[in-house]
Amino acid sequence: MSESESSCEVLVIGGGPAGSTIATLLAQQGRDVLMLEKAKHPRFHIGESLLPMNMPLFEQLGVAEEVKRIGMVKLGAEFVSPWHDAPVIIDFNDALDNTYPSAYQVRRDEFDEILFKNAANKGARVIEECKVTDIKFQPGAEALVDAMGKDGQKQRIRARFVVDASGRDTFLSNHFQMKHRNKKHNSAAIFGHFSGAKRLEGDIEGNISLFWFDHGWFWFIPLADGNTSIGATCWPYYMKTRKTDTTQFLLDTIAMCPALAERLKDAKLVSPVTATGNFSYLSERSSGENYILLGDAFAFIDPVFSSGVFLAMQSAFTGAETVEQCLSKPREAERALKEFDKVMMQGPTVFSWFIYRITTPAMRNLLMYKGTESRVKRALISVLIGDVYRTNRYGFWLFMFKVMYYGLSLANLKASIMAWRKRKRSIRVVEMGVTG
Ligand SMILES: Cc1cc2nc3c(=O)[nH]c(=O)nc-3n(C[C@H](O)[C@H](O)[C@H](O)COP(=O)(O)OP(=O)(O)OC[C@H]3O[C@@H](n4cnc5c(N)ncnc54)[C@H](O)[C@@H]3O)c2cc1C
């Protein structure tokens, strides 16, 4: 076991979408960036459905063509509800601003590797199989970061600025003991890949489908390799009822949703099944002197709107500007970090209003409403494509959507109250006994 010392301007913890994006941008600006990733790419990761607003970010990073090569084109989303007669398909082209009317479904092992290699190609120093183990911040001086490489090799790195992009490991949030469970939400998931699933036909083959069922909802994500990612996002109490192994539990859960079971009747499970829980949390702050938190390292709520990768990458774009300002104009750092915090809260705040209500009858009725001519519906689709940083442009229509939601809730008061009561009971904490 040997120990080596080195230094860099910016140290990035974690080489997922957030880490690779900020490493690329800062290296392109001439910063000396070192990114440490504990795993080795390509590695499995959940989170395969992207949003149209990811597309301009790919263009700016110079990876649009590579992502296109591995991606399955996604033109919209299908919603399937056992409480409604027929499924509804939402077309991203109906967003108020439809400059980016499509996105991709991707295998994350391939996608994350593209972004990671891009960071190296653009000048960032990257090391895989190297886990950050400890950190010491010193007021007015460089941070001291300890990492452990392959074969137990220890490293000490001096960094002027630290970016935490460690995802759900939430390295800095744990370090400062500032990670809090989301009291308004709680869910768990179980998922795997299937071959032979019956997809939608024609140019909407790549759409994501969402199936509601009694204990939550399922995702159906068609991938370019022919397999389909299937996952159930359920209330924790339901996961707790598991008496069988995870594979059987997933199959039994699918059987509870006849519309999905029908689409999978000739399908075969081709991957291990993974279960994960306790993924709804928020850190107390997104930055401090000489550090910021990006993507899942800061917060995660729920995968229902496929927003995680987009929010992670967008936080990296804002983060790159912030780090640059902190390093080049230290006197303006405080103001820059405050601004950064505002942006970090914006995306989760917009999405969470919808996420917390996704299992209520009023929200289901609005999502299952077929017409797309109204600006109110188009405002909803604008949120679904990830256009959440410019909501001031269509704030009135979003407001009207909320008015309609509350109006519908009042009109069906008894059902709404029952749904809220059920939700309140369902988000209670239970010991999961599953890993993530
Ligand atoms: C069940 C489920 C389904 C989801 N579905 C979707 C979806 O369909 N679409 C979507 O956009 N999002 C989805 N998400 C969310 C998405 O997975 C994340 O939001 C996204 O991956 C966040 O990117 P990130 O770069 O912040 O973190 P990550 O992608 O998790 O990357 C963090 C990286 O840091 C590394 N790391 C961690 N700790 C250390 C350390 N100490 N030292 C060095 N490296 C370290 C990890 O190995 C990892 O590579 C889903 C999430 C869940 C839980």
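Buried means under 20% relative accessible area, exposed means over 50%, and partly exposed lies in between (1.4 Å probe, protein chains only). With that in hand, welcome to this predicted model, in which local features need pLDDT of at least 70, side-chain atom pairs count only at pLDDT 80 or more, and totals for chains, interfaces and linings use all residues. Residues are numbered from 1 along each chain as its sequence is written, and side-chain values use heavy atoms, with hydrogens and water left out. Helices (H or I, at least four residues) and strands (E, at least two) are DSSP runs, numbered from the N terminus.

**Salt bridges**

- A salt bridge here is a side-chain nitrogen of Lys or Arg within 4 Å of a carboxyl oxygen of Asp or Glu, and the structure holds 22 salt bridges.
- Glu9 and Arg31 are both buried, and their side chains meet in a salt bridge of 2.7 Å, N to O.
- Glu9 sits in strand S1 (residues 3-13) and Arg31 in the loop between helix H1 (17-28) and strand S2 (33-36), so this pair ties together parts that are 22 residues apart in sequence.
- A network of salt bridges links Glu9, Arg31, Arg160 and Glu324.
- Glu78 forms a salt bridge with Arg263, with 3.3 Å between the closest N and O atoms.
- This pair links distant parts of the chain, 185 residues apart: Glu78 is in strand S4 (residues 76-80) and Arg263 in helix H8 (residues 258-263).
- Glu78 counts as buried because its relative accessibility is 4%, and Arg263 is buried too, with a relative accessible area of 12%.
- In the salt bridge between Asp97 and Arg393, the closest N and O atoms are 3.9 Å apart.
- Here again distant parts of the chain are linked, 296 residues apart: Asp97 is in the loop between strand S5 (88-91) and strand S6 (103-105), and Arg393 is in the loop between helix H13 (375-384) and helix H14 (395-411).
- Asp97 is partly exposed, with a relative accessible area of 22%, while Arg393 is exposed, at 59%.

**Strand S12 and its partners**

- Strand S12 (residues 188-195) is largely enclosed by the rest of the structure, because seven of its eight residues are buried.
- Two strands pair if DSSP finds at least two bridges between them; S12 and strand S15 (residues 228-234) pair in the antiparallel sense over seven bridges.
- Within that pairing, Gly192 has Ile230 in S15 as its bridge partner.
- S12 is also joined to strand S17 (residues 274-276) by three bridges, and the two run antiparallel; the bridge partner of Phe191 in S17 is Thr274.
- With strand S16 (residues 268-269), S12 pairs in the antiparallel sense over two bridges, and Phe194 stands opposite Leu269 in S16.

**A three-stranded sheet**

- Three strands form an open sheet in the order S11-S18-S21, with antiparallel pairing.
- Its edge strands, each pairing on one side only, are S11 (179-181) and S21 (299-300).
- S11 and strand S18 (residues 281-283) pair in the antiparallel sense over three bridges, and Lys179 has Ser283 in S18 as its bridge partner.

**Where Arg428 sits**

- Arg428 lies in the segment after helix H15 (413-426).
- Arg428 counts as partly exposed because its relative accessibility is 43%.
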